[in-house]
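Me: Please take a close look at a single part of this structure and describe it in connected text. Give the cut-offs of the terms as you go.

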Amino acid sequence: MSQGPRSGLAAVSSALLAMSRHLEVRDVLKTIVASARELLDAQYAALGVPDDHGGFAQFVVDGVGEEQWKAIGPLPRQHGILAAMLREARPQRLADVRKDPRFEGWPSAHPEMSDFLGLPVRDGDEVLGALFLANKNCARPQGGCGFTEDDEELLSILAQHAAIALTNARLYERSRELTIAEERSRLAHELHDAVSQKLFSLRLTAQAATALVDRDPARAKGELQQVAALAAEAADELRAAVVELRPAALDEDGLVATLRTHIQVLDRAHTARVTFTSQGVRALPAAQEEALLRVAQEALHNALRHSGAERVEVTLGRRGPAAVLRVTDDGGGFDPTTVRRAGRHLGLVSMRDRASGVGGTLTVESAPGKGTTIEMEAPGG
């Protein structure tokens, strides 16, 4: 008898710890849903975060396969039982959701649900989301057993902690946005201080050269040479300012987490499927991490903007003592030798410079119609 309460307490503790480990909102939502379904032993669980237009900004499910989820179609609207959970402060516990007068049906690919338990996730007066479970896993003689008062109480406790975890994740993302804004502001000041005076001098010198072209060609030639020198200095100052700027997220989270977040954003923003996997990579020196991140960003930009790829895969792993980054796409590809001869695709030159600058190497494998793989190997993985 004594094992039951301890087992239940351990399960609750594990669920709460899992929620507190994540800082990204999407990861927190997934953890809440998975924890709720496991803790209450249900077939299905979902959590919807409402938007301001009668729909859901995010909707996370657990217990529904990826193909079935795609077949279900667009995200639900705020109606029926979901709307009741968002409006009201009390749980919705139903023996059969389909018999409730507020039930308005679901798409043909939607799984059949009967017993139902749901409630809002609230932070004070603000409703952060609607959390619900369906189809309790238990023997169902003559209609089933359904969710109990104990289940309702347990989900209420979980929802309270979910609200804390979700609020913390939102605050973290907002602070990240502020950090990025501050970093952009710093870059603007860097560029202004480093380059503006050079550009001003360049403009004046060019104007002087223009005035001298007809009456004193020799002096005009000297002024134009000065223009070229000032332009080169301005370019060097600009490059130094940009290279010096290390991404804030890299310092806070490290390479793996920064890449994962960046790729999650790209996956949501583009029609192409963008994935990331990492295995066995230790923390690297700052210069190596920044070079690997910049190469990944450049390769992803090329794949998503120019290749027409439907799938882009990014992997980060180890090869002996080195870290290896691979960005592979199934796009149109190109002939690397032709590109090199034509002097195009300066992104490839930049990536090679970044790799060699930290003692690494960059290889490019591509052919027309065969996609592209860009691989960077850096010491110290």
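Reply: Five strands make up an open sheet with mixed pairing, in the order β6-β7-β8-β10-β9. Strands here are DSSP runs of E with at least two residues, helices are runs of H or I with at least four, and both are numbered from the N terminus. Two strands count as paired if DSSP finds at least two bridges between them. The model is predicted, so local features need pLDDT of at least 70 and side-chain atom pairs pLDDT 80 or more, while totals for chains, interfaces and linings use all residues. Residues are numbered from 1 along each chain as its sequence is written, and side-chain values use heavy atoms, with hydrogens and water left out.

The sheet has β6 (273–278) and β9 (361–366) as its edge strands, each pairing on one side only. On average, neighbouring strands of this sheet are turned by 10° against each other, direction ignored. Such angles run from 0 to 180 degrees between N-to-C directions, and the axes are lines fitted to C-alpha atoms, for helices over the stretch in contact.

Helix α8 lies across β6, β7, β8 (322–329), β9 and β10 (372–379), and runs at about 10° to β8. Contact means heavy atoms within 4.5 Å. The helix covers residues 286–306, and Gln288 is one of them. Gln288 has a relative accessible area of 13% and is therefore buried; buried means under 20%, exposed over 50% and partly exposed in between, with a 1.4 Å probe and protein chains only. Leaving aside residues up to four places away in sequence, Gln288 touches Val358, Ala378 and Pro379. Towards Pro379, the side chain of Gln288 reaches the backbone oxygen at 3.5 Å. A polar contact is a pair of N or O atoms within 3.5 Å; within protein, one must be able to donate a hydrogen and the other to accept it, and residues adjacent in sequence count only if both atoms are side-chain atoms.

In short, the strand order is β6-β7-β8-β10-β9, α8 lies across these strands, and Gln288 in α8 is buried.
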